Amino acid sequence: MYQKILLATDGSQHSKRAAENAVNIAKCSEGSMLEVVYVVDVERAKSDVLTHWHAVDVNDSRKDQVSEVERIAKDAGVNYEVKVLRGEPGPVIVKYANENQFDIVIIGSRGLNGLQEFVLGSVSHKVAKRANCPVLIVK
Amino acid sequence: MSQSTYRESWFGNMKGDLLSGLVVALALIPEAIAFSIIAGVDPMVGLYASFTIAVTISFVGGRPGMISAATGAMALVFIDLVANHGLQYLLAASILTGIIQVIFGLLKLARYMKFIPRSVMVGFVNALAILIFTSQLEHFVDETWVMYVLVVVTLACIYLFPYVTKAVPSTLVAIVLVTVVTIMMDFDIRAVGDMGTISQTLPIFLIPKIPLTLETLMIIFPYALALAIVGLLESLLTASIVDDSTETSSDKNRESRGQGIANIITGFFGGMAGCAMIGQSIINIKSGGRGRLSSLVAGVFLMFLIVVLGDIVIQIPMAALAGVMIMVAVSTFDWNSIRTIHLVPRTDAAVMVITVLTVVLTHNLAIGVFAGIILSSIFFVSKISRVRVEEERKEGRIRYSIYGELFFASVTELLDQFQYDVDVEEVEINLSGSHIWDDSAVAAVDKIVSNYKSNGKKVNVTGLNEDSTELVGKLANKLGSH
């Protein structure tokens, strides 16, 4: 029943578990499409550039972040596509999900930055509140 | 990655650039004033600089969407110059800084950025953050609890207001709030007006009043060189950050030239040398700015606000500015480097820490960067200077295979690994696992060969690669005997 599936990931353990669930859901319906979204936070551009000062391409390390998720999807034989977006994770995911009319959004319950989450509230919470489709938060 | 045409870089994103330019102008004012105060000059020097640099860079910069203005990194470098020689020398130094940067740009030196190791870059931003923070401590001396409370209120407002709305920069909200409270409650604390004057006029062209002598040049040149390097370093780092966050590329040599032109013009219009700003550029990108127009709007609107609101600006309490600067210091610091300090190689961590310590002790970012580069070169040299010699005996002959890079730092170790009084007729020295880099290496191999010869052995050198053969051919007969 879910054809267009959006999986938001940040490379954390929680988002890997979310990926497993997303793959299971994708397998339930014929011809489903899983879109894996990784959001680059502009606030973190400084530390990303400094961390990869000599790397040929900063984006390589970002692709590494989703490689585990890609492997899970590939092993299960699910149709998938990876997309890198830019901006503030919560609003960007919500906007992307709503504009492209996804059937379901799947997201891990907590990300990499624990302190920020404590202060700001989590990305998953924001997405659950504002997305127009069902949202699966994976613990 | 795509590079747009000049016209597109101006008008490709008009609405976004106009709005983000206004936001950046508001965020620039407190920083321009605070950096002037760090440097020990009137707030107008930083404000004029921010106006002329932002406007000039919008035309001649190589990275559309990046914001340049008066900065802390530069202000920290010329504190002593201003204290010892005054404002006119600073203006002259700004012009000279610009000339040096234009030359750097024309020589296309941006590509040599790759010689600056990551750990030195991290040390640079961390040292900058620490210096900005410590420069604020003097404002806390001899102050009452009212001032401390206002600093805390400023910081709370800066960090919490974004949850209400992100349309207005929270630093501006904090400053307006704290200023209004101070005026209403009539607190007796230091304000911007006590640190210098704000004149509500546009900058005018003037030639710095300095004696045009060699002595003057000797005074300003060391500062100008340090400023040129620090300015380009921060500008090119910021350009990379903007490249990354907008997924577009930029012309780094054009940016170097542009920074130079901007500093020359700034010096002639009574402003201090500046460079690109990481924080302001991120604000610009997040507010939707992408093109050259955003920088132009930011500069022009900033000047407009000063001309119109100068009377109010002098009433901003120092407590509010100190709060803003503490925020700037915290966001400049690369906290990730502390989290990962136990993971990176120990030598990298040492380079980072030494870079920071050198800057904190000398108050000069350029010296810290050089110390860091030299230290990491030494670490690198010592890492690759390890050579290994393998010995293989075969009926009456010995074959020594050398593995590693042969150059000035590795030859001493190499010579110790041979025994010359061996009981064989013939010795083969195989160099296929090594590379001869310089005259010291040629001399060392020569010496090994002649040592065996004088012990009556027959010596064969084999396995030289092409480069090494060429070098040996060039040098072997010319270095003389040992």
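Predicted model: local features only at pLDDT ≥ 70, side-chain atom pairs only at ≥ 80, totals over all residues.

Residues are numbered from 1 along each chain as its sequence is written, and chains are lettered from A and ligands numbered from 1 in the order in which they are written.

The C-alpha trace of chain B spans about 100 × 50 × 45 Å along its principal axes. Its secondary structure comprises 21 helices and six strands; helices (H or I, at least four residues) and strands (E, at least two) are DSSP runs, numbered from the N terminus. Of the contacts in chain B with a separation of 6 or more, 85% are between residues 24 or more positions apart; a contact requires C-beta atoms, placed from the backbone, within 7 Å.

Consider one helix pair. Helix H2 (residues 14-39) of chain B packs against helix H15 (residues 318-332) of chain B at an angle of about 95°, their axes 10 Å apart. Axes are lines fitted to C-alpha atoms, for helices over the stretch in contact, and angles run from 0 to 180 degrees between N-to-C directions. H2(B) is therefore roughly perpendicular to H15(B), a term covering 65 to 115 degrees. Pro30(B), Glu31(B), Ile33(B) and Ala34(B) of H2(B) meet Leu321(B), Val324(B), Met325(B) and Val328(B) of H15(B). By class, the residues of this contact are seven nonpolar, no polar and one charged. Nonpolar means Ala, Val, Leu, Ile, Met, Phe, Trp, Tyr, Cys and Pro; charged means Asp, Glu, Lys and Arg; the others, Gly among them, are polar.

What does each chain bring to the contact between chain B and chain A? Chain B gives 16 residues and chain A gives 12 residues. On the side of chain B, helices H7 (118-135), H11 (214-246) and H13 (278-286) each supply at least two residues. That side has seven nonpolar, three polar and six charged residues.

Finally, chain A holds an open sheet of five strands in the order E3-E2-E1-E4-E5, with parallel pairing; strands pair if DSSP finds at least two bridges between them. Its edge strands are E3 (80-86) and E5 (135-138) of chain A.

Methods:
Parallel < 35°, antiparallel > 145°, perpendicular 65-115°, else oblique. Contact = placed C-beta atoms within 7 Å.
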